[in-house]
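Visitor: Before we start, I would like each label you use to be set against its definition. Could you show me the model and take me through the terms one by one?

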Amino acid sequence: SQEHLGKAMQALNADMRQRRLGIKAYAFDDPAAPSIDDDSVKVVHFVRHGQGFHNLMADMAQAEGRTWQQYSRTKDNPYVMPEILDAPLTDKGREQALMLQPVVRSFADQPELVVLSSQCRAIQTGCIAFEHLLDDKSAPFIAHEDVRECSGVHTCDKRRCKSRQEKEFPMVDFSEIKSEHDGLFMDDRRESKSEVGERIYSFLRWLSERPESHIGVASHSGWLMTLFNGVVECDESLKPWFQTGELRSVKLEFTKR
């Protein structure tokens with residue numbers, strides 16, 4: 001969409017090319033991709049959450065012929081309904097996450113770490129898609145605030161309090177979440193593209209310093225669009241919008257400039 005691919009995204013992309021840590025993404029099966037034996041390379045399986053209740057509400061509103069201005073707090077905008085705060089998965093969304101299980105199990109090298117957005121729908125998706133890693137306790141599951149969706153205005157993108165997430169998802173490590181309440185969400189404006197990009201870059205720096213080489217990441221459509229179009233260098237095959245429940249495996253190459 002124009003909102004996601006306009007001048008702000010181009011400016012972010014230009015800014016990121018000047019950063020001291022360069023990050024390039026390759027499709028996992030790209031013959032030009034570097035070897036995973038290189039210490040500067042990590043295999044990352046990026047997943048967009050399955051269908052959430054906010055997605056369902058928007059689909060139903062569109063089917064009824066309703067229209068609304070993006071990021072507006074109007075009665076016609078389904079994304080600002082108070083009932084969908086930190087929207088969880090629908091049954092369809094859980095099924096989409098379940099369908100990823102055989103895909104994940106087929107990986108020759110299983111993830112050694114799973115990073116989750118701090119929001120319900122991504123936590124649920126990651127815990128279902130990578131469930132066997134929870135069962136055999138072979139990888140830590142860590143919630144990370146920098147992996148959450150672009151924030152602001154839309155109630156569905158406001159995080160519930162940390163203590164509630166910890167009670168509902170005791171299998172997840174929330175120590176990277178520093179505040180009990182959502183300090184990122186703003187009622188009156190959406191995060192700018194540069195602000196989202198800064199969070200993504202901060203997360204990738206954190207990831208580059210982790211010892212694990214094979215990683216799963218469960219996040220959101222806007223975040224993933226900004227990652228591949230604004231933050232990392234990559235070819236066109238990795239830039240399209242992620243569908244709900246979609247997984248893309250890439251090699252990330254980190255280079256200090």
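Guide: Buried means under 20% relative accessible area, with exposed over 50% and partly exposed in between, for a 1.4 Å probe and protein chains only. This is a predicted model, in which local features need pLDDT of at least 70 and side-chain atom pairs count only at pLDDT 80 or more, while totals for chains, interfaces and linings use all residues. Residues are numbered from 1 along each chain as its sequence is written, and side-chain values use heavy atoms, with hydrogens and water left out.

Visitor: Why does Tyr-79 count as buried?

Guide: Tyr-79 has a relative accessibility of 17%, and the limit is under 20%, so Tyr-79 counts as buried. Phe-203 and Trp-223 are both buried as well.

Visitor: Why is the pair of Phe-203 and Trp-223 called edge-to-face?

Guide: Rings of Phe, Tyr and Trp (its six-membered ring) pair if their centres lie within 6.5 Å, and planes under 30 degrees apart count as stacked, over 60 as edge-to-face and the rest as tilted. The ring centres of Phe-203 and Trp-223 are 5.9 Å apart and their planes stand at 65 degrees, so this pair is edge-to-face. The pair links distant parts of the chain, with Phe-203 in helix H9 and Trp-223 in helix H10, 20 residues apart. Phe-203 and Trp-223 also belong to one aromatic cluster with Phe-46, Trp-206, Phe-228 and Phe-242.

Visitor: What makes Arg-19 a charge over the ring of Tyr-201?

Guide: A charge sits over a ring if NZ of Lys or CZ of Arg is within 6 Å of the ring centre and within 35 degrees of the ring normal. The charged end of Arg-19 is 4.9 Å from the centre of the Tyr-201 ring, and Lys-251 lies over the face of Phe-28 at 5.4 Å from the ring centre.

Visitor: What makes a set of residues a nonpolar core, and which residues touch the most other members of the largest one?

Guide: A nonpolar core is a set of buried Ala, Val, Leu, Ile, Met, Phe, Trp, Tyr and Cys residues joined through side-chain atoms within 4.5 Å. The largest nonpolar core has 35 residues, of which Phe-46, Leu-204, Phe-228 and Leu-252 touch the most other members. H9 gives the most to this core, with 7 residues. Leaving aside neighbours within four places in sequence, Leu-204 is in contact (heavy atoms within 4.5 Å) with Ile-23, Leu-227, Val-231, Val-232, Leu-252 and Phe-254. A second, separate core of 23 residues includes Ile-123, Ala-143, Ala-218 and Leu-247.

Visitor: How do you know which strands pair, and what order do the strands of the sheet take?

Guide: Strands (E, at least two residues) and helices (H or I, at least four) are DSSP runs, numbered from the N terminus, and two strands pair if DSSP finds at least two bridges between them. S2 and S5 run parallel and are joined by 6 bridges, with His-214 in S5 as the bridge partner of Val-43. S3 pairs with S5 in the parallel sense over 4 bridges, and Leu-116 stands opposite Ala-218 in S5. S3 is also joined to S4 by 4 bridges, again running parallel. The 6 strands form an open sheet in the order S1-S6-S2-S5-S3-S4, with mixed pairing.

Visitor: What makes S3 and helix H6 mostly covered?

Guide: In S3, 5 of its 5 residues are buried, and in H6 (residues 120–129) the count is 10 of 10.
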